[in-house]
Amino acid sequence: MKLIHLALVLLFLAPTSAYMTNYVCNTTQEYIDGQGLTTNEEDATKVKFFCAAHVDYTAACDMDNDPQLGFNPSCNNSFAMQVYSNFERALSVYSCGEYSRIWTCQHCKEAYKRWLCSALYRRCRNEDTTISGGQCETNFTRTNERALPACVMATCRDVCYDVVRKCPVHLEFRCPPVEDVREYNGTNCNNLERPSPTAGASRTLAAHQVAVAGVVALLGMLGTHGLW
């Protein structure tokens, strides 16, 4: 479980102390070329872009190392692959069929990968995929009150709650509370390849998320298996 908890701490829980970041908007091709990656499945000479199926937009990449980690996880293909590999190992100890009659381990892995890519490749509010650089505050200070600069689009809550729904409860994957909108939101948010929820749908979804979170917490206390 420590591997999963580490991923959660790295990717969406707010830090306990302020530190400065340096976000720059990069086109898809720029961060692929910058790390020597490829999206061509037949190209065996380069490492595949791990998030190719989900990330085809201008991403706001932090150019500075995270002082708490000692390296830079933002837009980092190698780190994404490592975290996902750790997740697969943790998931392999469970029989997903024992936890759900609907969702399989493959559903769980797909939901987790989508969330992981959204966390590492934050969407830049600049929708023009041909323009890079700029658009972000210089030396933005990340604090508990403000996690992302104005140039970064919040991720849709459902991207996170999709993992809660589809993965075994005992993985203890958690999402921020619905009222916490520092990095997640219900509308005007990054939903990756899916349409962003409307305001009405967001309210319904928020109510469902609260219910799911409550059930997950209860099941965790009782030590019982999930039913979805």
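This dialogue explains how to read the main features of a predicted model, one at a time.

Reader: How many of the residues, as a percentage, score at least 70 in pLDDT?

Author: The term pLDDT denotes the predictor's confidence in each residue, from 0 to 100. In this chain the average is 76, and 71% of the residues score at least 70. Over residues 198–228 the pLDDT is below 50, and the model gives this stretch 43 contacts beyond near neighbours in sequence; a contact means heavy atoms within 4.5 Å. The pLDDT also stays under 50 over residues 1–16, which have 42 contacts beyond four places in sequence.

Reader: In which helix is confidence lowest, and in which is it highest?

Author: Helices (H or I, at least four residues) and strands (E, at least two) are DSSP runs, numbered from the N terminus. Confidence is lowest in helix H6 (residues 199–222), with a mean of 40, and highest in helix H4 (residues 105–120), with 95. The chain as a whole has six helices and nine strands.

Reader: What percentage of the residues is buried?

Author: A residue is buried under 20% relative accessible area, exposed over 50%, and partly exposed in between (1.4 Å probe, protein chains only). Of the 228 residues in the chain, 48% are buried.

Reader: Which residues touch the most other members of the largest nonpolar core?

Author: A nonpolar core is a set of buried Ala, Val, Leu, Ile, Met, Phe, Trp, Tyr and Cys residues joined through side-chain atoms within 4.5 Å. The largest one here has 43 residues, and Tyr112, Trp115 and Tyr121 touch the most other members. At least two residues of this core come from each of helix H2 (28–34), E5, H3, H4 and helix H5 (157–166). There is also a second, separate core of nine residues, including Cys25, Ala60, Leu148 and Cys151.

Reader: In what order do the strands of the open sheet stand?

Author: Two strands pair if DSSP finds at least two bridges between them. The open sheet has three strands in the order E2-E5-E6, with antiparallel pairing. Strand E2 (23–26) and E6 stand at the edges with a single partner strand each, so one side of each is left without a neighbour in the sheet. Four bridges join E2 to E5: Asn26 stands opposite Ala59, and Tyr23 has Asp62 as its bridge partner. E5 and E6 pair over two bridges, and Ala60 has Arg122 as its partner in E6.

Reader: Which way do the residues of strand E5 point?

Author: In a regular strand the side chains alternate between the two faces of the sheet. In E5, Ala59 and Cys61 point one way and Ala60 and Asp62 the other, and all are buried.

Reader: Where is Arg123, and what does this residue touch?

Author: Arg123 lies in strand E6 and is buried, with a relative accessible area of 18%.

Reader: Is Asn72, in its loop, buried or exposed?

Author: Asn72 is found in the loop between strand E5 (59–62) and helix H3 (77–91). Its relative accessibility is 18%, so Asn72 counts as buried. The side chain of Asn72 reaches the backbone oxygen of Asp62 at 2.6 Å.

Reader: Where is Asn139 placed, and which residues does Asn139 touch?

Author: Asn139 is in the loop between strand E6 (122–123) and strand E7 (140–142). Asn139 is partly exposed, with a relative accessible area of 39%. Beyond four places away in sequence, Asn139 touches Met20 and Thr21.

Key: Residues numbered from 1 in each chain as written. Predicted model: local features only at pLDDT ≥ 70, side-chain atom pairs only at ≥ 80, totals over all residues. Heavy atoms only, no water. Polar contact = N/O pair within 3.5 Å; in protein donor to acceptor, adjacent residues only side chain to side chain.
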